[in-house]
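Take a moment with the sequence and the model. Then follow the chain from its overall make-up to single residues.

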Amino acid sequence: MLKNSGKMGWFFKAFVGLVSFFSLVCSVAAIGANWGTQATHPLPPETVVGMLRDNQIQKVKLFDADYGTLRALGKTGIEVMVGIPNDMLYSLASSVKAAEKWVSKNVSVHISTNNVNIRYVAVGNEPFLSTYNGSFLKTTFPALQNVQSALIKAGLANQVKVTVPLNADVYASSTTFPSGGDFRTDIHDLMINIVKFLSDSGSPFTVNIYPFISLYSDPNFPVEYAFFDGNASPIVDGGTSYFNMFDANYDTLVWALQKNGFGNLPIIVGEIGWPTDGDRNANPIYAQRFNQGFMSHILGGKGTPMRPGPIDTYLFSLIDEDAKSIDPGNFERHWGIFYYDGRPKYQLNLGTSNNGSLVAARGVRYLEKKWCVMKRSARLEDSQVAPSVSYACYHADCTSLGYGTSCSSVDARLNISYAFNSYYQRNNQGEDDCKFSGLAEVTNNDPSFGNCRFDIMIEPYYGAAEGRGCCFKKHLMLLSGLLLVLTFL
């Protein structure tokens with residue numbers, strides 16, 4: 001019996017070790033997704049969570065800590081990174097109490113009451129972008145420290161880690177090769193302080209890497225180098241060849257960390273993806289090629305030359321957002337692997353199933369099948385056409401119009417109709433929202449042409465809290481009316 005028990009003990013340990021190994025592999029191979037909500041007609045949180053589960057996406061990164069979103073994620077087991085917007089950094093940096101209140105309301109309550117699997121708090125979002133002109137240089141690190149202190153006080157510091165999602169522009173190479181990587185000179189000391197703090201607290205470095213932006217910003221950028229097909233001429237750094245921009249960029253960060261004494265700091269790729277519209281290089285073919293290539297690249301667990309092994313990643317993004325700022329470019333509203341209504345844009349194997357097909361959102365409710373178009377009798381030379389189109393596009397979304405976009409091949413009348421319909425749908429097909437000085441009319445015939453899709457908007461979603469607010473306002477109006485009547489009796 002003693003001999004058998006020894007063998008059984010060895011077998012049990014080996015079995016447990018094997019299970020632990022496969023659990024680790026599954027956890028690191030699991031792909032995450034960014035869930036942004038800058039949309040005029042967002043899908044209900046429960047619908048999006050259903051999409052995540054149907055597609056076996058096990059991690060999600062948020063840009064805020066919306067109550068309804070977090071509640072919907074409760075009891076799902078999905079790992080969550082909650083976000084603190086940049087405009088909150090000042091208040092959290094100025095007061096530990098403010099940080100404690102934020103953690104209590106947006107982390108502690110959801111973990112204890114709603115059983116949300118919150119694993120990270122993202123303090124700010126790319127706060128050191130040069131376009132911010134240093135607005136958050138003095139507040140990001142203090143906010144990070146205060147949020148960490150609040151997590152410690154709440155007894156959550158071992159379970160929930162802080163991080164700061166940073167754009168890849170916080171580091172650069174002095175030699176154009178990855179081995180020349182170091183942090184930007186103007187923020188070098190600040191970056192070292194943040195990196196040391198992350199290391200001391202057992203937290204990861206989060207970076208957003210966008211080969212598309214490099215292609216968009218530089219007309220001389222080699223297109224093939226953005227993808228993972230191995231067709232590009234490699235960059236040779238010493239004895240290491242880099243056949244794609246992602247590996248080279250990622251390893252530039254690894255070199256920067258290593259040079260400053262933090263070579264083992266965990267790295268999360270917080271955002272990476274490819275848009276499908278709004279630019280000549282933004283289309284479903286390139287997006288599918290990039291995202292599938294990236295998935296195949298990381299799911300093998302090979303890693304990069306400087307950092308072999310699995311890469312923790314969040315795709316950007318889950319769903320299109322039609323209310324995002326287009327200051328960086330018209331493509332900003334088209335990063336999703338799903339359209340605004342939860343329909344997949346293309347085939348994509350996330351490594352969670354064998355068929356390579358994304359699963360669409362279920363139970364989506366649409367407005368009526370009708371569109372707003374330019375009247376046949378309306379003349380293109382009408383003086384009201386230009387101001388009407390300008391008004392429609394300013395208040396709606398015309399980012400699919402223009403050179404190289406999905407609607408670039410349509411004629412002038414369809415361009416105008418697209419603008420009118422976008423405004424009409426965004427305003428929930430209101431009766432007065434398809435007039436445009438008598439230039440427009442409603443039709444039941446779908447005017448979509450080729451790749452240029454005239455969408456029908458989904459029904460507006462009113463969150464639970466907002467819904468209660470609406471009811472309260474209605475009851476208040478009824479009460480006010482009753483009191484007004486009584487005064488005349």
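This is a predicted model: local features need pLDDT of at least 70, side-chain atom pairs count only at pLDDT 80 or more; totals for chains, interfaces and linings use all residues.

Residues are numbered from 1 along each chain as its sequence is written, and side-chain values use heavy atoms, with hydrogens and water left out.

Start with the whole chain. Its secondary structure comes to 13 helices and 15 strands. Helices (H or I, at least four residues) and strands (E, at least two) are DSSP runs, numbered from the N terminus. Of the 489 residues, 49% count as buried. Buried means under 20% relative accessible area, exposed means over 50%, and partly exposed lies in between (1.4 Å probe, protein chains only). Now take contacts, meaning heavy atoms within 4.5 Å. Among those between residues at least 6 apart in sequence, 71% join residues at least 24 apart.

Next, find helix α10. It covers residues 284–299, which makes 16 residues. From first C-alpha to last, α10 reaches 22 Å, close to the 22 Å expected at 1.5 Å a residue. The expected span is 1.5 Å times one less than the number of residues. The buried residues of α10 are A287, F290, N291, Q292, G293, F294, M295 and I298. An α-helix has 3.6 residues a turn, so residues three or four places apart point the same way. What do the buried residues of α10 pack against? Their partners are α8 (211–217), α9 (245–259), β12 (267–272) and β13 (312–315). The helix also has a cap at its N-terminal end: a side-chain oxygen of N283 lies 3.2 Å from the backbone nitrogen of I285. After α10 comes G301, with a positive phi near 75°.

Now look at the spaces. Two terms are needed, both worked out on a 1 Å grid over the protein atoms alone. A cavity is a set of points where a 1.4 Å probe fits but cannot get out. A pocket is an open set with protein on both sides within 12 Å along at least five of seven lines. Lining residues have an atom within 4 Å of a point. Grid points are joined across faces, edges and corners, and a volume is the space filled by probe spheres set on the points.

The second largest pocket holds about 710 Å³ of space. It is lined by 33 residues, of which D277, H334, S400, Y418 and D455 lie nearest its centre. Helix α12 (residues 412–426) gives the most to this lining, with five residues. By class, the lining of this pocket has 11 nonpolar, 13 polar and nine charged residues. Here Ala, Val, Leu, Ile, Met, Phe, Trp, Tyr, Cys and Pro count as nonpolar, Asp, Glu, Lys and Arg as charged, and the others, Gly among them, as polar.

There are two cavities of 30 Å³ or more. The largest cavity has a volume of about 130 Å³. Of the 15 residues that line the largest cavity, A39, P42, L43, I319 and D320 are the closest to its centre. That lining has eight nonpolar, four polar and three charged residues.

Single residues come next. D322 sits in the loop between β13 and β14 (371–374). Is D322 buried or exposed? D322 counts as buried because its relative accessibility is 15%. Its side chain makes a polar contact with the side chain of T40 (2.7 Å). A polar contact is a pair of N or O atoms within 3.5 Å; within protein, one must be able to donate a hydrogen and the other to accept it, and residues adjacent in sequence count only if both atoms are side-chain atoms. The loop between β13 and β14 also holds S317. The peptide bond from F316 to S317 is cis, with omega near 0°.

N114 lies in the loop between α5 (96–112) and β4 (118–123). Its side chain makes a polar contact with the side chain of H110 (3.0 Å). Not counting residues up to four places away in sequence, N114 touches Y67, R71, G74, K75 and V109.

K75 has its own feature: a positive phi, near 65°, in a residue other than glycine. K75 is exposed, because its relative accessible area is 66%. Q429 also has a positive phi, near 55°, but Q429 counts as buried, at 9% relative accessibility.
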